[in-house]
Amino acid sequence: VQLQASGGGLVQAGGSLRLSCAASGRTFSSYAVGWFRQAPGKEREFVAAISWSGGSTYYADSVKGRFAISRDNAKNTVYLQMNGLEPEDTAVYYCARTSHFTVVAGSYDYWGQGTQVTVSS
C-alpha cells in the first residue's frame, strides 16, 4: 500500500488549498483515512478523519468549520479542502490509513510522505 499526498503550496492568509491523498491498492475503500500535520518544533497533530464510506467525519477543533475532508473511493483518493487558512496552519500535512475511525496517530498503519503547506500573513 502506498499513499501519495499532494496539493500543498504557499498561500496567503485567508486563502484556500485542496490536498489530495491518492492510494494504491484495491482495498483502500475498506479503510478510514486521516490527515495529520506537523509544524516545525511541534508534535504531529490530528487534523481530520473520514470513515471508509465517507459517512462519518471528524475534525480537530482548530480546523472545524474551515476544513472539509471527503473521499472518492472510485478514484482511491481522499481530499482535504482547506479554507480560511491561517499562518498557524503552516505545517507538513500527512495522510494515513487506519482500520479504526480514530484520532490516534498510533492506530494508523500506512502514511504518505507529506506535503508542505505554508500560509503567509
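**Close-up views of side-chain contacts**

**View 1. The charged end of Arg44 sits over the ring of Trp111, 4.6 Å from the ring centre.** What is shown here is a predicted model, in which local features need a pLDDT of at least 70 and side-chain atom pairs count only at pLDDT 80 or more, while totals for chains, interfaces and linings use all residues. Residues are numbered from 1 along each chain as its sequence is written, and side-chain values use heavy atoms, with hydrogens and water left out. A charge is said to sit over a ring if NZ of Lys or CZ of Arg is within 6 Å of the ring centre and within 35 degrees of the ring normal. The charged end of Arg97 is likewise placed over a ring, that of Tyr31, at 3.7 Å from its centre. With a relative accessible area of 6%, Arg97 is buried, whereas Trp111, at 28%, is partly exposed; buried means under 20% relative accessible area, exposed means over 50%, and partly exposed lies in between, using a 1.4 Å probe and protein chains only.

**View 2. Phe36, Phe46, Tyr58, Tyr108 and Trp111 are joined by ring pairs into a cluster.** A pair of aromatic rings is described by the distance of the centres and the angle of the planes. Rings of Phe, Tyr and Trp (for Trp, the six-membered ring) pair if their centres lie within 6.5 Å, and planes under 30 degrees apart count as stacked, those over 60 degrees as edge-to-face and the rest as tilted. Under this rule there are five aromatic pairs. For Phe36 and Phe46, the ring centres are 5.6 Å apart and the planes stand at 75 degrees, so the pair is edge-to-face. Because Phe36 lies in strand E4 (residues 32-38) and Phe46 in strand E5 (residues 45-50), this pair ties together parts that are ten residues apart in sequence; strands (E, at least two residues) are DSSP runs, numbered from the N terminus. Phe36 has a relative accessibility of 1% and counts as buried, and Phe46, with 12%, is buried. The rings of Phe36 and Trp111 have centres 5.0 Å apart and planes at 50 degrees, so that pair is tilted. It links distant parts of the chain, with Phe36 in strand E4 and Trp111 in strand E10 (residues 108-111), 75 residues apart.

**View 3. Cys21 and Cys95 form a disulfide, with their sulfur atoms 2.1 Å apart.** A disulfide is a pair of cysteine sulfur atoms within 2.5 Å, and a search of the whole structure finds one. The torsion about the S-S bond of Cys21 and Cys95 is about 75 degrees, so the disulfide is right-handed. Distant parts of the chain are linked in this way, since Cys21 is in strand E3 (residues 17-23) and Cys95 in strand E9, 74 residues apart. Both Cys21 and Cys95 are buried.

**View 4. The side chains of Asp109 and Arg97 meet in a salt bridge, at 2.9 Å from N to O.** This pair links distant parts of the chain, Asp109 being in strand E10 and Arg97 in strand E9, twelve residues apart. Asp109, at 42% relative accessibility, counts as partly exposed. A salt bridge is a side-chain nitrogen of Lys or Arg within 4 Å of a carboxyl oxygen of Asp or Glu, and the structure holds six of them.

**View 5. Arg37, Glu45, Arg66, Glu86 and Asp89 are linked in a network of salt bridges.** Within this view, Arg37 and Glu45 form a salt bridge whose closest N and O atoms are 2.6 Å apart. Arg37 is buried at 6% relative accessibility, while Glu45, at 36%, is partly exposed.

**View 6. Tyr58, Phe101, Val103 and Val104 form a nonpolar patch on the surface.** Patches are made of residues with over 30% relative accessible area and no salt bridge, like charges being joined within 9 Å and nonpolar side chains (Val, Leu, Ile, Met, Phe, Trp, Tyr) within 5 Å. Together the four residues have about 360 Å² of accessible area, as given by the Shrake-Rupley method with a 1.4 Å probe, where for residues only the protein chains shown count as cover. Val103 is placed in the loop between strand E9 (91-98) and E10, and with 39% relative accessibility Val103 counts as partly exposed.

Notes: Helices (H or I, at least four residues) and strands (E, at least two) are DSSP runs, numbered from the N terminus.
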